[in-house]
Amino acid sequence: MTRARVGRVGGRAVILALYGFLLAPLIPIVVVSFSNEAMLSFPPQIWGVRWYLALLDNQKFMAAFRVSLGIALTVTAISLAAGLPAAFAVARLQFPGRDVLYALFTAPLLLPSIVLGLALLLVLVRLRLTGTYPGLIVAHLVVTLPYVIRIIATALATLPADVEAAAASLGASPARVIRRVTLPLMLPAMLGAAALAFLVSFDEVVISLFVVGAKLTTLPVEIYRYVEFRTDPQIAALSVVLMAITVAGVVLLERTVGFLRAFGR
Amino acid sequence: MSARSGRRERRLAALLLAPAGAVSALCFAAPVLWLGRMSLNESLPGGALREALTAASYVEFATDDFYLTIAANSIALSLQVTALVLVLTYPIALFLHRWQSPWKPIVVILTVSPLLVSAVVRTYGWMVILGDAGWLNAALRLIGAIAEPLALINNRTGVVIGLTEVLMPYMALALIAGFGKLDPLLEEAAATLGAPPWRRFWRVTLPLSLPGIGLGCLLTFVLAISAFITPKLLGGGRVFLLATEIFTQAIETLNWPLASAISVVVLAVFAGALVLYGRLAQRWAAL
């Protein structure tokens, strides 16, 4: 082997090792979730789906799953309903203070969740909304709305304006242009924004930890509280379910707006 | 555009912006301002609160060795994690930049998508690997390398390992974007002019990727200093940082003014990092 060849093989080995580190925590989760043992053990001896079945009987997790699902769907719908018009105004209309407003809309993405969580707690306690659906929905909206506005505004800015101009010159009213031309063209971006809003809400844990109550908790918060004291394979099975939901969201995101572009690159 | 249509456009804009504007103002701006105000209130023993205008919480933070140590530890840990993340992610990004393959888009997504997997889940994965009965200790014991399990979690080591891995996708995102703006012709030109590979990297590729490195380091640092889940779970309550202290003061001690004051300190560190980044970015732009 030549020196260059040795170098290339060595380089590939380093890259593989780095990917091994990056994906390290995900692999044991999948493996452990299919072990039927009562405790974590290495290497697992008995295999099966016992822990997946246990999940279905776990009332706490099932209740939290339903709460998370309901909140994520509601938050996604509200984010789209409020974000779509705002993104349209920011991307298409001329008005004073536009850039400042756009900066304000996306500012929550810059602030640490731990600070946002505390800020929301202080306000929601005053309004007696901690541990309620409205409180959690408001808290999640703060982080999902910026993503939705950014994705849709970016998509609108790159949309060819010619098509809309052509429809208008052919006699379509502005409302009709929006309904028949702009909205259909925006469908992929809206789907992508919805997927990201859903995932962000469904996985949100830091802000939720501040505003959940004794009776109403979300799934990630339940998992957090569980693994604080135990690490048995039931959580691995639950984690695999969550990872599957993430994979579905990532695929939808990639098919619609492009995964990297969704994060503003 | 006539004055009249301009006014109509502004009215339409106001109508379209109202819902999102209300959410931003009521659910984001107001709570953050409220937090700033709360940091000036007076905390009484037992979690009671008195409305006041006092800097007592800031004074307590600045004069108590415990909090100063936490602040120093947080910044040191975040810098260490940022350096590790950069060293471990740069080769991956460089590889993806140079790699020609139909698989490339999928591998790029595989590199970045872990950031959408809940931090709780990924931290749990590290607990499975690093715990006393975890895979690493079990494997080392199996081959007879150790008799007693290594203490890899519930301490600073675990926090550094877990946080480094959790933040790598963000750095990858910034570096990949940075490499995307790099003109491949420049590297080819260097090669054509006879520069050996290491020299091409050192004199052309690395300097041109500095903006991506800068943005990635800023992102990683601010995420590291405000990270809560990973330090809390892998630190096992024994690693005290600014973010974990905000939670403790807010939820367990119920000292909201102090929790708010620490939050303002974290925001100030953020602002400092942003200013430093702005200066560096200007210098790179001038290169």
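1. A quick word on terms before we start: a helix here is a DSSP run of H or I at least four residues long, and helices are numbered from the N terminus. By that count, T230(B) sits in helix α11 of chain B, which covers residues 229–235. Please keep in mind throughout that this is a predicted model.

2. Let's stay with T230(B) for a moment. Is this residue buried or exposed? The cut-off for buried is 20 or more other C-beta atoms within 10 Å, and T230(B) has 26 such neighbours, so T230(B) counts as buried.

3. Which residues surround T230(B), once its neighbours within four places in sequence are left aside? Its contacts are A119(B), T123(B), V159(B), G162(B), L163(B) and V166(B). There is also a pairing across the sequence to look at on your screen: R122(B) is 108 residues away from T230(B) along the chain, yet their C-alpha atoms are separated by 8.6 Å.

4. Turning to chain A, you will find 13 helices and 0 strands. The C-alpha atoms of this chain fill a box of roughly 70 × 70 × 30 Å along the principal axes. Of its 265 residues, 45% count as buried. Taking contacts in chain A between residues at least 6 apart in sequence, 76% join residues at least 24 apart.

5. Helix α7 of chain A (residues 133–158) deserves a look of its own. Its 26 residues reach 37 Å from first C-alpha to last, close to the 38 Å expected at 1.5 Å a residue. Even so, α7(A) has a kink of about 40° at V142(A), shortly before the proline P146(A). The helix is mostly covered, with 19 of its 26 residues buried.

6. Now for the two chains together. How many residues of chain A are in contact with chain B? The count is 64, and they meet 63 residues of chain B. On the chain A side, the residues that touch chain B divide into 54 nonpolar, 6 polar and 4 charged.

7. Finally, the largest nonpolar core holds 157 residues, and L118(A), L120(A), I152(A) and A193(A) touch the most other members. Helix α4 of chain A (residues 59–92) supplies the largest share of this core, 15 residues.

How values were computed
Residues are numbered from 1 along each chain as its sequence is written. Chains are lettered from A and ligands numbered from 1 in the order in which they are written. This is a predicted model: local features need pLDDT of at least 70, side-chain atom pairs count only at pLDDT 80 or more; totals for chains, interfaces and linings use all residues. Helices (H or I, at least four residues) and strands (E, at least two) are DSSP runs, numbered from the N terminus. A residue is buried if 20 or more other C-beta atoms lie within 10 Å of its own, exposed if 12 or fewer, and partly exposed in between; C-beta atoms are placed from the backbone. Two residues are in contact if their C-beta atoms, placed from the backbone, lie within 7 Å. Ala, Val, Leu, Ile, Met, Phe, Trp, Tyr, Cys and Pro count as nonpolar, Asp, Glu, Lys and Arg as charged, and the others, Gly among them, as polar. A nonpolar core is a set of buried Ala, Val, Leu, Ile, Met, Phe, Trp, Tyr and Cys residues joined through C-beta atoms within 7 Å. The expected span of a helix is 1.5 Å times one less than its number of residues. The bend at a residue is the angle between axes fitted to the seven residues ending there and the seven starting there.
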